Amino acid sequence: MKLRTIIIILIVVPLILQLLQPLAILIWDILHGVQIDFRLPDQKDLYIISKVMQGEDISCTESNGLELCLKNLDRRGPTYGFGKDIGLYREEGTGLCESIVVTASFTISRSAWYRVEDAVNYLKSLGYNVTVDDLRSLTIQIGFIVWRFWDSGRVVEKTLPNGTVARFRVCESSRKPFNEYLLVLGNPRKGSLYAFRMDASSRWERIVAATPVTLAPGKVVKNVSNITCKPLRETLKELFRTNVSESTLNKIIDELKKSGAPDRICYGSVFTVTQLVFKPLNKSVATFTINLGIRNITVDALEIFSANSLIRVYDVEQKDEFKLGAYVTAKVRIWVDTYLQTIWDYQDLSAAGVKPWAPIVYGCCNQNYFRHSARKLNSTHILAHAYAKWTTVRIYSIFPPFGLYYKACTNAGMPIDVKKLLAEADTLKCAGYGTCYCGTIYIAGVPVNDCRCKDVFEKDCEIACGCPPLVCGSCTCIPM
């Protein structure tokens with residue numbers, strides 16, 4: 001019995017002492033003012049984090065030491081990202097292989113940043129009214145890597161096959177991510193973009209600043225204009241479609257110009273492709289100063305991304321104007337994957353309106369309806385289209401008996417091939433003046449009919465113009 005007790009004591013006591021040893025060391029360190037690192041060992045830490053992430057549908061990608069963790073909010077498939085690195089700065093030293101190189105690293109994904117809720121809460125604390133849906137479908141990481149190369153001073157000897165002994169100087173290098181980076185989160189379909197400045201100096205990276213981001217016009221890639229401009233006098237003569245005495249016409253023109261009418265009336269179509277750039281509302285959030293020891297360099301992360309990104313953003317639009325001053329614009333904002341030359345995402349920005357002078361000159365226009373759509377046909381093609389229907393009534397009471405009653409449809413549309421877009425040679429299939437109208441002008445009590453599409457009065461523009469939606473150029477359908 002005593003032997004058994006001794007054996008138990010010999011086994012149990014060392015185990016108890018082993019368990020108490022970390023506690024004893026902890027108490028000793030606290031009593032002596034030693035700073036304690038409560039983190040678990042790296043292996044356990046990484047294991048626990050990976051298990052938590054697996055449970056939350058989170059995956060991480062790494063680009064040159066910059067790790068981007070993503071969350072699958074829709075649970076429809078795996079999260080993923082793709083990246084690109086570009087050189088920003090290089091400085092050569094005097095010795096063998098002595099240099100400093102700074103590179104920018106981009107990682108882009110359709111998935112949400114794994115702490116997207118934290119980003120939403122941070123923006124709300126700044127007064128922005130945002131939700132997770134505003135930030136969930138685009139994640140861009142823009143970081144910087146500092147590479148250093150130096151002569152280690154070591155010499156290595158290598159015996160070659162012919163017996164010659166060669167001596168080599170050894171160069172060493174280090175690669176260190178800069179301790180701050182920019183995170184851009186958004187939803188292209190909703191047009192919401194926000195940039196977050198991240199402090200990555202500790203293990204748990206934290207948001208230190210944020211700003212809204214806009215897409216500003218940059219380079220105009222293509223501009224095709226089919227605009228006709230005529231003097232106001234000539235336009236009025238054409239509109240009345242009969243002889244009007246010069247004295248009466250002069251009185252009308254004088255009265256209209258007093259009200260602000262322009263000297264020339266322009267109408268027709270304009271096709272434009274504009275490449276957009278990322279612009280932060282607060283520029284300081286996206287500007288980083290990297291200390292290289294011998295000097296500092298300052299870089300604008302969004303400017304670098306816009307110039308070198310794997311994603312480009314274009315506004316493609318066709319605007320058609322009716323001679324009475326109403327217009328419709330088919331416009332789509334396209335996010336293009338420049339590596340695969342495919343559509344990343346898109347947003348329909350079509351619009352319709354009336355020129356400021358139109359109500360003054362012609363009494364144009366009451367908008368009856370406005371319909372627009374943009375749809376992706378495949379990975380490289382989009383169709384965009386817009387229709388608006390107008391009613392215009394003008395009784396020239398100061399100079400009777402002139403009057404005008406019109407109904408008009410304006411329509412604009414185009415197919416877009418992103419490969420041609422990237423080649424800056426997009427051709428326009430739906431060219432031309434997209435207006436059909438029908439109305440009556442009363443001159444001296446005599447009605448004068450002026451009609452291109454008589455069905456405008458009773459039917460929708462899509463039918464009145466003789467074209468199915470999304471395939472119409474002008475009033476004649478164009479084979480695709």
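A salt bridge is a side-chain nitrogen of Lys or Arg within 4 Å of a carboxyl oxygen of Asp or Glu. With that criterion in hand, select Asp 133, Asp 134, Arg 136 and Lys 190, which salt bridges link into a network. By the same rule the count of salt bridges comes to 17.

The model is predicted: local features need pLDDT of at least 70 and side-chain atom pairs count only at pLDDT 80 or more, whereas totals for chains, interfaces and linings use all residues. Residues are numbered from 1 along each chain as its sequence is written, and side-chain values use heavy atoms, with hydrogens and water left out.

**Stop 1: colour by confidence**

Colour the chain by pLDDT, the predictor's confidence in each residue, from 0 to 100. The protein averages 77, and 75% of the residues score at least 70. Helices (H or I, at least four residues) and strands (E, at least two) are DSSP runs, numbered from the N terminus. Confidence is highest in strand S9, at a mean of 96, and lowest in helix H2 (residues 42-55), at 46.

Next, select residues 19-53, where pLDDT stays under 50. For this stretch the model has 14 contacts (heavy atoms within 4.5 Å) beyond four places in sequence. Then move to residues 425-433, where the pLDDT is also below 50; this stretch has 37 contacts beyond near neighbours in sequence.

**Stop 2: the disulfides**

A disulfide is a pair of cysteine sulfur atoms within 2.5 Å, and by this rule the count comes to 2.

Select Cys 60 and Cys 69, joined at an S to S distance of 2.0 Å. The link is right-handed, with 100° about the S-S bond. Are its two ends buried or exposed? Buried means under 20% relative accessible area, exposed over 50%, and partly exposed in between (1.4 Å probe, protein chains only). Cys 69 is buried at 5%, whereas Cys 60 is partly exposed at 32%.

Now select Cys 229 and Cys 266, whose sulfur atoms lie 1.9 Å apart in a disulfide. This pair links distant parts of the chain, 37 residues apart: Cys 229 belongs to strand S10 (residues 206-231) and Cys 266 to strand S11 (residues 264-280). The bond is right-handed here as well, with 110° about S-S. Cys 229 is partly exposed at 28% relative accessibility, and Cys 266 is partly exposed at 25%.

**Stop 3: individual salt bridges**

Select Glu 180 and Arg 197, whose side chains meet in a salt bridge at 3.2 Å, N to O. Glu 180 lies in strand S8 (residues 180-187) and Arg 197 in strand S9 (residues 192-199), so the pair ties together parts that are 17 residues apart in sequence. Arg 197 is buried, at 12% relative accessibility.

Continue to Asp 199 and Arg 206, where the salt bridge spans 3.3 Å, N to O. Asp 199 is buried, with a relative accessible area of 11%, while Arg 206 is partly exposed at 44%.

Finally, select Asp 300 and Lys 283, which form a salt bridge at 2.5 Å, N to O. Which elements does this pair tie together? Asp 300 lies in strand S13 (residues 296-300) and Lys 283 in the loop between S11 and strand S12 (287-291), so the bridge connects parts 17 residues apart in sequence. Asp 300 is buried at 11%, and Lys 283 is partly exposed at 48%.
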